[in-house]
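Here is a friendly briefing to read alongside the sequence and the model. Please keep both open as you go.

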Amino acid sequence: MSGLEIERKFLVKKGDAFKREARSSTHIRQGYIPCEGATVRVRIRDEKAYLTIKGKSVDHGMTRYEFEKEITLDEAEHLMAFCKGGIIDKRRFLVPSGNHTFEVDEFYGANQGLVMAEVELSSEDEPYTKLDFIGKEVTGDGRFYNSHMLEHPFSEWKDTIPAEFLH
């Protein structure tokens, strides 16, 4: 898959309402290979693996070019050796909302306590239904990029987030 990715990111309110409303969940491990001008991600999602290249964000972080290709688990494990700064470990819950699905990520390790939701849109002004557990929008806030959280994990700056979003 390749093309423009348009998404909005939100903090999730404290509690586990998102888990009760989820239709499924998967375990994700991902790392980032150093690259100038783009983000190169290696992801293992349960028993599948992907290589993703994302361009720089435009429009306050809502839109960017994305290329993604499925690779073998063996290839992903070998590529993980090139990843800088460790691995992001999280569980992703898929929560339906009208015509959309929110991807809710519960982070582990040094990012424990952070839960974020993303919704992908076909256009920047596409309407969507915001679920009750969805809180403050953080689209474009670089602190919440997975690649940033490897170097500056949530545990180092969680005191900057209102208590209602700490899990």
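This is a predicted model: local features need pLDDT of at least 70, side-chain atom pairs count only at pLDDT 80 or more; totals for chains, interfaces and linings use all residues.

Residues are numbered from 1 along each chain as its sequence is written, and side-chain values use heavy atoms, with hydrogens and water left out.

**Nonpolar cores**

- The largest nonpolar core has 16 residues, and Val12, Phe18, Phe102, Val104, Phe133 and Ile134 are those with the most contacts inside it.
- At least two residues of this core come from each of strand E1 (2-12), strand E6 (88-97), strand E7 (100-107) and strand E8 (115-121); E8 gives the largest share, four residues.
- Another core, of 14 residues, lies apart from it and includes Ile88, Phe144, Phe154 and Ile161.
- A nonpolar core here is a set of buried Ala, Val, Leu, Ile, Met, Phe, Trp, Tyr and Cys residues joined through side-chain atoms within 4.5 Å. Buried means under 20% relative accessible area, exposed over 50%, and partly exposed in between (1.4 Å probe, protein chains only).
- Helices (H or I, at least four residues) and strands (E, at least two) are DSSP runs, numbered from the N terminus.

**Aromatic rings**

- The count comes to seven aromatic pairs, where rings of Phe, Tyr and Trp (its six-membered ring) pair if their centres lie within 6.5 Å; planes under 30 degrees apart count as stacked, over 60 as edge-to-face and the rest as tilted.
- Phe18 and Phe93 form an edge-to-face pair, because their ring centres are 5.3 Å apart and their planes are at 80 degrees.
- Phe18 is in helix H1 (residues 17-21) and Phe93 in strand E6, so this pair ties together parts that are 75 residues apart in sequence; both residues are buried.
- Phe18 and Phe133 make a tilted pair, with ring centres 6.3 Å apart and planes at 55 degrees.
- Phe133 sits in the loop between E8 and strand E9 (134-137), so its pairing with Phe18 in helix H1 ties together parts that are 115 residues apart in sequence.
- Phe10, Phe102 and Tyr128 are linked into a cluster by ring pairs.

- Strand E3 (residues 39-45) is largely enclosed by the rest of the structure, because six of its seven residues are buried.
- Strand E2 (residues 24-33) runs antiparallel to E3, joined by six bridges, and Tyr32 stands opposite Arg41 in E3. Two strands pair if DSSP finds at least two bridges between them.
- The hairpin of E2 and E3 has five residues between the strands, and Gly37 there takes a positive phi near 85 degrees.
- E3 is also joined to strand E4 (residues 48-54), by seven bridges and antiparallel, with Val40 opposite Ile53 in E4.
- Two residues lie between E3 and E4 in their hairpin, where Asp46 in the turn has a positive phi of about 55 degrees.

**Cysteines**

- Zero disulfides are found in a search of the whole structure; a disulfide is a pair of cysteine sulfur atoms within 2.5 Å.
- Cys35 is partly exposed at 40% relative accessibility, whereas Cys83 is buried, with a relative accessible area of 13%.

**A buried asparagine**

- Asn146, in helix H3 (residues 146-151), is buried with a relative accessible area of 9%.
- Not counting residues up to four places away in sequence, Asn146 touches Gln30, Tyr32, Ile88, Lys90 and Phe107; contact means heavy atoms within 4.5 Å.
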